[in-house]
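The following exercises are to be worked through with the sequence and the structure at hand. Each task is followed by a solution in steps.

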Amino acid sequence: MKVLVTGASGQLGMDVVRIVKEAGHETIPCSREQLDIVDLEQSIQVVCRFRPDVVIHCAAYTAVDAAETDIDGAYTVNASGTRNVALAAEKVGAKLVYISTDYVFDGMSESPYYEYDNTNPQSVYGKSKRAGEVLAQALSSSCFIVRTSWVYGLHGNNFVKTMLKLGQEKPLLQVVHDQKGSPTYTVDLARFLAELIQTEKYGIYHASNSGSCTWFEFTQAILEDAVKLAGIQVTAKLEPCTSDQFVRPAPRPRNSVMEHMSIRTNGFQDLRTWREGLRDFLQELNHNSKLAP
């Protein structure tokens with residue numbers, strides 16, 4: 001198959017390109033320079049030139065806090081941009097994979113969210129991504145919506161890299177313990193996408209590494225495993241704190257754990273546990289000499 005990837009120079013996009021290629025498909029990586037999704041004419045032109053069988057749409061506005069004041073910017077990319085990609089994919093009869101987020105939920109549920117639970121995004125980012133879901137489903141006849149959470153990978157900045165850096169520099173590290181979710185390694189998500197695109201099992205999927213933890217528990221695991229796997233020297237004392245002590249412009253879901261019902265009922269293998277994914281990531285980071293001993 002021929003697979004076009006938008007946002008191919010991003011954290012998820014780079015791993016999607018690599019994993020899909022390793023699965024034996026021809027990949028067409030498109031960064032913003034090659035394909036500016038906010039330009040409808042260019043989106044259609046580029047997709048029509050390559051005529052892919054699948055478009056994996058990773059490009060997104062992901063600055064969660066900045067979106068609270070840059071409302072038009074978030075919607076231009078996440079809603080209008082997704083519309084453009086969906087129209088272009090439909091024009092050539094390509095399957096569309098839209099990467100969405102746990103932020104489409106309000107986070108108030110006591111239990112994990114199912115794929116077809118009502119959405120109720122609280123942040124501008126979450127609302128703009130939900131708008132993208134609606135447009136993708138309305139405009140594509142062959143659409144997969146894949147919601148994920150707490151994503152980290154080798155490329156770009158993320159929570160794991162930040163905690164590793166701060167853990168080696170700060171005397172005290174306070175991390176919120178009243179928000180829980182499922183950390184997701186980009187490689188594991190990309191492997192699932194590579195399997196998904198070979199089917200016609202369209203619909204909404206929740207795809208994160210299995211299991212859940214709080215941000216505090218995640219940080220504990222990051223530092224523990226980094227000490228064991230790479231022998232880094234952690235100077236920081238780790239302390240739990242509440243979300244109220246760490247106020248940010250955009251509200252975060254208190255609970256963003258998602259059930260993987262669609263993965264199970266459609267016969268796919270669930271993603272491995274978040275702890276296994278984390279260990280593999282840290283070993284990969286160490287192997288690439290980006291994890292200082």
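**Exercise 1. Determine how the radius of gyration of the protein compares with that of a compact globule.**

Step 1. The radius of gyration is taken over C-alpha atoms, and the globule rule is 2.2 Å times the number of residues to the power 0.38.
Step 2. For 293 residues the rule gives a value near 19 Å, and the protein has 19 Å, so the two agree.
Step 3. The C-alpha trace spans about 55 × 40 × 40 Å along its principal axes.

The model is predicted: local features need pLDDT of at least 70, side-chain atom pairs count only at pLDDT 80 or more, and totals for chains, interfaces and linings use all residues. Residues are numbered from 1 along each chain as its sequence is written, and side-chain values use heavy atoms, with hydrogens and water left out.

**Exercise 2. State how many helices and strands the protein has, and what share of its residues is buried.**

Step 1. Helices (H or I, at least four residues) and strands (E, at least two) are DSSP runs, numbered from the N terminus. The protein has nine helices and twelve strands.
Step 2. A residue is buried under 20% relative accessible area, exposed over 50% and partly exposed in between, with a 1.4 Å probe and protein chains only. By this rule 52% of the 293 residues are buried.
Step 3. A contact means heavy atoms within 4.5 Å. Among contacts with a separation of 6 or more, 82% join residues 24 or more positions apart.

**Exercise 3. Describe the aromatic pair of Phe144 and Tyr202.**

Step 1. Rings of Phe, Tyr and Trp (its six-membered ring) pair if their centres lie within 6.5 Å; planes under 30 degrees apart count as stacked, over 60 as edge-to-face and the rest as tilted. The structure holds 17 such pairs.
Step 2. The rings of Phe144 and Tyr202 are 4.8 Å apart centre to centre, with 50 degrees between the planes, and the pair is tilted.
Step 3. Phe144 belongs to strand β5 (residues 143–148), while Tyr202 is in the loop between α6 (186–196) and β10 (203–206), so the pair ties together parts that are 58 residues apart in sequence.
Step 4. Phe144 is buried because its relative accessibility is 0%. Tyr202, at 31%, is partly exposed.

**Exercise 4. Classify the pair of Trp215 and Phe218, and name the aromatic cluster that includes them.**

Step 1. The ring centres are 6.3 Å apart and the planes stand at 45 degrees, so Trp215 and Phe218 form a tilted pair.
Step 2. Both residues lie in helix α7 (residues 215–230), three residues apart, about one turn of the helix.
Step 3. One cluster is formed by Trp150, Tyr152, Phe159, Tyr185, Trp215, Phe218, Trp274 and Phe281.

**Exercise 5. Which residues does Ser142 touch, not counting residues up to four places away in sequence?**

Step 1. Ser142 is located in the loop between α4 (124–139) and β5.
Step 2. Its relative accessibility is 14%, so Ser142 counts as buried.
Step 3. Ser142 touches Glu90, Lys95, Leu96 and Tyr202.
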